[in-house]
Amino acid sequence: MTKAAVELSSVTKSFKLCHGRNNSLKSLALSFRRPRCEELVALDNVSFSIDPGQTTAVIGRNGSGKSTLLRLLGNVFKPTRGKIVVRGRVSALLELGAGLHPDLTGLENIYLNGAILGLRTREIRRRLDDILEFSELGKFVDTPLRSYSNGMVMRLGFSVAVQVDPDVLLIDEVIAVGDEPFQEKCYEKIGEFQKAGKTIIFVSHDLQAVQKVASRAIWLSGGRVMVDGMVEDAVWAYMASIPREG
Amino acid sequence: MLSDLRELYKYRDLVAQLVIRDLKVRYKNSVLGFFWSLINPLVQVAIITIVIKVLLLVRIPNYSAYLLAAFLPWMFFQMSLLDASDSVLKHHDLLKKVYFPREALPVSLVISNLIHLILAFIVFFIYLVTIPRAPIYSTALLLPVLMAIQFIFNLGVAFFISCLNVFYEDTKFIVAVGLNALFYASPVMYVSELAHNALMHSHRLPAAFKEPLWVLYQINPLNALLMGYRKILLSPFPEFTLRGAKLSDMPMNWGYLGIAALISILLAIVGYRFFNKRKWGFAEML
């Protein structure tokens, strides 16, 4: 039996939500009482495991814990309780272009962004042609990022992020913001990853895309898993839960 | 801590890229580039030279050279701390999205300021042989040792303040005030001999306090470092009279430099642990 690519056992993530900021020494010294804080539970006792090569969608309304889940998987947050095991290299397409600098050129940003995502400089150099081709920057590679359109910044971010060659790929609602041809390219790339046997976890509000890409879906609501099963079942249950207008 | 260091080593290319970014962005769009950042210390050194020579009537030949030899490392200390203080906070967006060793941020800034110091010292040597026509001594070969100790010292302090500033934004103001005080408490604009002279000839201080205070003054790693830079780069200054007392060059007390090295290493280890213990909480500070 192969080991699961992703395993969550009873994972809870809570944040301290304080009323009134308490991050100056003055307020710390002046407040004799502790600041009024409550615990905000973003994920509540979530357990599931994902087999290698499986594409799983995570759906749910805003604030249901989807992004917290992806950040936990991407090792940005540590769980409050419970255990997370991710086997292999993880790459997150959480938000494209995180860490891009407006004053650096496209090429300089490729190296910086790649390094932030954990690529060695020589790995980037080796894959530079691929990156440049995918990003379609053309003559803009040598101009500062601040002269780019939003679409160009996104393409640049995506083309670097897919070079990480992860075993587990996390995608958070990044594709939906691009135009038609860009989206098509992204789904093509996702298809390639699927063929290569990568594990993909995909967060989206675009339920059509979810059904096209994923075979399994997890519906989160209020930080709890409502349905975890075939993508059609989860999407159907989720749709049924949304009160329709009129 | 070792596993953290291994992880940081795995991300060494990130540190390199962050250093490159910092140096590129700092001097973007300016023709003079690097020289702009030299102009500030040069102007300050010129002003302090005038104050010391004309107003305080301290007669040391080539006083500017003695000033610069300590002022450039002082800038390394000051800029490392100021840059590091908001290094984590400034990248808050990034921290919430991507995993990478958080210490790459302060570490890269201290490195980029070290590179800056090296460039500034090259200019300093050119100045030394052209304007005062001073000789360059073989002791100047010890310069990398001093810079290494100071690098570790700066790094240790940077770990503390970059971390604390995430939780308490007052930190960077405290750092600014602290730097101001340290500037006068360390031999930057004056030589250590002057501090010794003032302390020993003070009429207000009880005699019993003088020796311990002098020891305390020398234990400040910045004193040992800045004094060290002067001693290895420049000739001993000739004896002169100040307020009726003879003031002559003191030999370097290498023991205090050893203590400074120990303090620096200890500070860096404790600072790194302090930082590591809190670094995964950064992303959750909303």
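Which residues of α8(B) meet which residues of α9(B)? Select B:Ile161, B:Leu164 and B:Asn165 in α8(B), then B:Thr171, B:Lys172 and B:Val175 in α9(B): these meet. Contact here means heavy atoms within 4.5 Å. By class, the residues of this contact are three nonpolar, two polar and one charged. Ala, Val, Leu, Ile, Met, Phe, Trp, Tyr, Cys and Pro count as nonpolar, Asp, Glu, Lys and Arg as charged, and the others, Gly among them, as polar.

Some ground rules before moving on. This is a predicted model, in which local features need pLDDT of at least 70 and side-chain atom pairs count only at pLDDT 80 or more, while totals for chains, interfaces and linings use all residues. Residues are numbered from 1 along each chain as its sequence is written, chains are lettered from A and ligands numbered from 1 in the order in which they are written, and side-chain values use heavy atoms, with hydrogens and water left out.

**Stop 1: helix α8 of chain B and its partners**

Show α8(B), residues 143–167, and α9(B), residues 171–185. Helices (H or I, at least four residues) and strands (E, at least two) are DSSP runs, numbered from the N terminus. Two packed helices are described by the angle between their axes and the distance between the axes. For α8(B) and α9(B), the angle is about 140 degrees and the axes are 8 Å apart. Axes are lines fitted to C-alpha atoms, for helices over the stretch in contact, and angles run from 0 to 180 degrees between N-to-C directions. α8(B) and α9(B) are therefore oblique to each other. Angles under 35 degrees count as roughly parallel, over 145 as roughly antiparallel, 65 to 115 as roughly perpendicular and the rest as oblique.

Zoom in on the contact. From α8(B), pick B:Leu143, B:Leu146, B:Met147, B:Ile149, B:Gln150 and B:Phe153. They meet B:Pro221, B:Leu222, B:Leu225, B:Gly228, B:Tyr229, B:Ile232 and B:Leu233 in α12(B). This contact has 11 nonpolar, two polar and no charged residues.

**Stop 2**

Select B:Phe153, in helix α8 of chain B. Is B:Phe153 buried or exposed? It counts as buried, at 8% relative accessibility. Buried means under 20% relative accessible area, exposed over 50%, partly exposed in between (1.4 Å probe, protein chains only). Not counting residues up to four places away in sequence, B:Phe153 touches B:Phe77, B:Pro221, B:Leu222, B:Ser264 and B:Leu267. B:Phe77 is 76 residues apart from B:Phe153 along the chain, yet their C-alpha atoms are separated by 8.7 Å.

Next, B:Asn154, also in helix α8 of chain B. B:Asn154 is buried, with a relative accessible area of 0%. With residues up to four places away in sequence left out, B:Asn154 touches B:Phe76, B:Phe77, B:Ser80, B:Leu81 and B:Val110.

**Stop 2**

**Stop 3: chain A**

Switch to chain A, with nine helices and nine strands. Of its 246 residues, 50% count as buried.

Select A:Leu128, in helix α5, residues 128–135. A:Leu128 counts as buried at 15% relative accessibility. Beyond its neighbours within four places in sequence, A:Leu128 is in contact with A:Leu107, A:Ile110 and A:Tyr111. These three lie in α3(A) and meet A:Leu128, A:Ile131 and A:Leu132 in α5(A). That contact divides into six nonpolar, no polar and no charged residues.
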